[in-house]
Amino acid sequence: MSLVLPSSGRRIPCEQCPLRVMPGFRAFGPEELHFVSSFKAGEIVAEAGTTILAEGKHSENLYTLLSGWAFRYKLLPDGRRQILNYLLPGDLLGLQGSIIGEMEHSVEALSPLVLCVFQRSRLDELFANHPGLGFDVTWLAASEERMLDEHLLSLGRRTAMERAAYLIAFLHQRAVSVGGSLAKTLYLPINQQHVADTLGLSIVHTNKTLRKLADRQLIRWLDRACEVLDVEGLMRLADWDGLPAHKRPLI
């Protein structure tokens, strides 16, 4: 896997950010927008499989995912992988390194993506001079904790089929919230190994579980993607109420 390259310059001004016009994100005030625009150092384009952040390493930057998908994960010494969560447009990457000093998880590009690059050294300035943006960063961290709580509940108490139904419904709702519903057909860019590494199942068990969901006409499994046919059916199977409906911050 290749490592992410240094910042390669600005392509999309913050004032023209395509995420800002989406109804799921809260609006910036003029001063906030001016600061975020100066806070942004540039953009990075990364291919699928690129390591954006590496466990145990220090990073000079924070990133906001502008387009594409990524995932956070940890590895055991023997190479076994646990995927912790998935990252979609609008998500903030690398905050852990600001608090702890080094990353305690890695982030890998799941699809080709574009990242906005921010100067970690100016994070104190954000909290000191722009309390609204500081609250936004705290909100994003709390939201991530809430999602991890739900993931842990799923791993600990749901059956294999309920876990898979929850994961696919969760990813579908997250994709829809950032404009995925605009496409005629929404494909989740995951393969069965990603599902296995998220749910803590063997690849054989995962294959059998996903086949059961397909037999129920809830999903259609493709080579390297999943098409959701009945998200409400997946939510009922997982006994999951869905993501909360509120506007979220954007840095």
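Colleague: How many salt bridges does the structure hold?

Modeller: Side chains of opposite charge can pair when their charged atoms come close. In this predicted model there are 12 salt bridges. One of them joins the side chains of Arg72 and Glu144, with an N to O distance of 2.6 Å. That pair links distant parts of the chain, since Arg72 is in strand β4 (residues 70–75) and Glu144 is in helix α4 (residues 131–157), 72 residues apart.

Colleague: Are Arg72 and Glu144 buried or exposed?

Modeller: Residues under 20% relative accessible area count as buried. Arg72 has 10%, so Arg72 is buried. Glu144 has 17% and therefore counts as buried too.

Colleague: Which residue forms a salt bridge with Arg81?

Modeller: The partner of Arg81 is Asp197, and their closest N and O atoms are 2.8 Å apart. Asp197 has a relative accessibility of 12% and so counts as buried.

Colleague: What does Arg174 pair with?

Modeller: Arg174 forms a salt bridge with Asp91, and the closest N and O atoms are 2.9 Å apart. Arg174 lies in helix α5 (residues 160–177), while Asp91 lies in the loop between β5 and β6 (92–93), so the pair ties together parts that are 83 residues apart in sequence. Both Arg174 and Asp91 are buried. Elsewhere, salt bridges with shared partners connect Arg26, Glu32 and Asp136 in one network.

Colleague: Now the backbone. Which value does phi of Gln217 take?

Modeller: Most residues other than glycine have a negative phi. Gln217 has a positive phi, near 65 degrees. Gln217 sits in the loop between α7 and β10 (219–221). Its relative accessible area is 54%, so Gln217 is exposed.

Colleague: And where is Asp239 placed?

Modeller: Asp239 is in the segment after α8 (231–238). Phi of Asp239 is also a positive value in a residue other than glycine, near 55 degrees. With a relative accessible area of 65%, Asp239 is exposed.

Colleague: What does the side chain of Thr206 reach?

Modeller: The side chain of Thr206 reaches the backbone oxygen of Ser202, at 2.8 Å. Thr206 is found in helix α7. The relative accessibility of Thr206 is 1%, so Thr206 counts as buried.

Colleague: Where does Leu53 lie, and how far is its C-alpha atom from that of Thr206?

Modeller: Leu53 lies in strand β2 (residues 51–53). Leu53 has 3% relative accessibility and so counts as buried. The C-alpha atoms of Leu53 and Thr206 are separated by 27 Å, and the two residues are 153 apart along the chain. Burial is read from accessible area under the 20% cut-off, and Thr206 at 1% falls under it.

Colleague: One last feature. Which residues gather in the patch of positive charge?

Modeller: Lys208, Arg211, Lys212 and Arg216 gather in that patch, on the surface. Lys212 is placed in helix α7 (residues 203–215), and the buried Thr206 is found in helix α7 as well.

Note on methods:
Residues numbered from 1 in each chain as written. Predicted model: local features only at pLDDT ≥ 70, side-chain atom pairs only at ≥ 80, totals over all residues. Heavy atoms only, no water. Patch = residues over 30% accessible without salt bridge, like charges linked within 9 Å, V, L, I, M, F, W, Y side chains within 5 Å. Areas by Shrake-Rupley, 256 points an atom, 1.4 Å probe, with all protein chains shown as cover. Salt bridge = Lys/Arg side-chain N within 4 Å of Asp/Glu carboxyl O. Lys, Arg positive; Asp, Glu negative; His and termini not counted. Charge placed at Lys NZ, Arg CZ, Asp CG, Glu CD. Helix = DSSP H or I, 4+ residues; strand = E, 2+ residues; numbered from the N terminus. Buried < 20%, exposed > 50% of the residue type's maximum accessible area, 1.4 Å probe, protein only. Polar contact = N/O pair within 3.5 Å; in protein donor to acceptor, adjacent residues only side chain to side chain.
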